Amino acid sequence: MRLLVQRVSQAQVTVGLESTGSIGVGLLVFVGISREDTTADADYAVQKIAGLRIFPDADGKMNCNIQQAGGALLIVSQFTLYGDCRKGNRPSFDRAAPPEQARALYAYFVEAARRGPVPVETGVFQASMQVHLVNEGPVTIWIDTREKIEPRA
């Protein structure tokens, strides 16, 4: 699972003329799902974004997580995070999960995030979306669950 996480002061997703999700301060999370991803990857990713200390504390240091900052999550599916551009000029999306598999794991990811302490908004899976955001900082973090460090025993 790949996540592109952006700290925002506001973000909104629209499909056509309809807003499907909108937040103020928080994290805009683009989620890409690979063929190999499992619910364990989703659980790890949700825990990781909830704990990211990338919001400023009273001294302006990045020391607070999303809950401490009073923020919300806007989660948007994005299979293109698995675009492979190493060969030629047309990205290959062979590693991206097929829609049925991705839809189920995306839904699991969203529900896992909703069990957390912050509000969660979403885009629409497999829709053509327009994403509007104000990236604060700018702060943009890349998370790939295949690159995680396992806790020490």
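Start with helix H2. Its buried residues are Ala102, Leu105, Tyr106, Phe109, Val110, Ala112 and Ala113. They lie on the same side of H2, because they cover an arc of only 160 degrees around the axis. Keep in mind that this is a predicted model.

What covers those buried residues? The cover includes strands S1, S3, S6 and S7, and also helix H1.

Now the length of H2. The helix runs over residues 99-114, which is 16 residues. At 1.5 Å a residue, H2 should span 22 Å. Its end C-alpha atoms are 22 Å apart, so the two agree.

Next, the largest pocket. Its volume is about 350 Å³. Lining it are 18 residues, and the closest to its centre are Ser77, Gln78, Phe79, Gln126 and Met129. H2 comes back here: S3, S6 and H2 each supply at least two residues of the lining. Which element gives the most? That is S3, with 3 residues. By class, the lining has 13 nonpolar residues, 5 polar ones and no charged ones.

Stay with Gln126 for a moment. You will find it in the loop between S7 and S8. Gln126 is not a glycine, yet its phi is positive, about 70 degrees. Is Gln126 buried or exposed? Exposed counts as over 50% relative accessible area. Gln126 has 54% relative accessibility, so it counts as exposed.

Last stop, strand S8, residues 130-144. Pro138 sits in this strand. The peptide bond from Gly137 to Pro138 is cis, with omega near -5 degrees.

Key:
Residues numbered from 1 in each chain as written. Predicted model: local features only at pLDDT ≥ 70, side-chain atom pairs only at ≥ 80, totals over all residues. Heavy atoms only, no water. Helix = DSSP H or I, 4+ residues; strand = E, 2+ residues; numbered from the N terminus. Expected span 1.5 Å × (residues − 1). Buried < 20%, exposed > 50% of the residue type's maximum accessible area, 1.4 Å probe, protein only. Arc of directions from axis to C-beta. Contact = heavy atoms within 4.5 Å. 1 Å grid on protein atoms, 1.4 Å probe; cavity = no way out; pocket = protein on both sides within 12 Å on 5 of 7 lines; lining within 4 Å. Points joined across faces, edges and corners; volume = space filled by probe spheres on them. Nonpolar A, V, L, I, M, F, W, Y, C, P; charged D, E, K, R; others polar.
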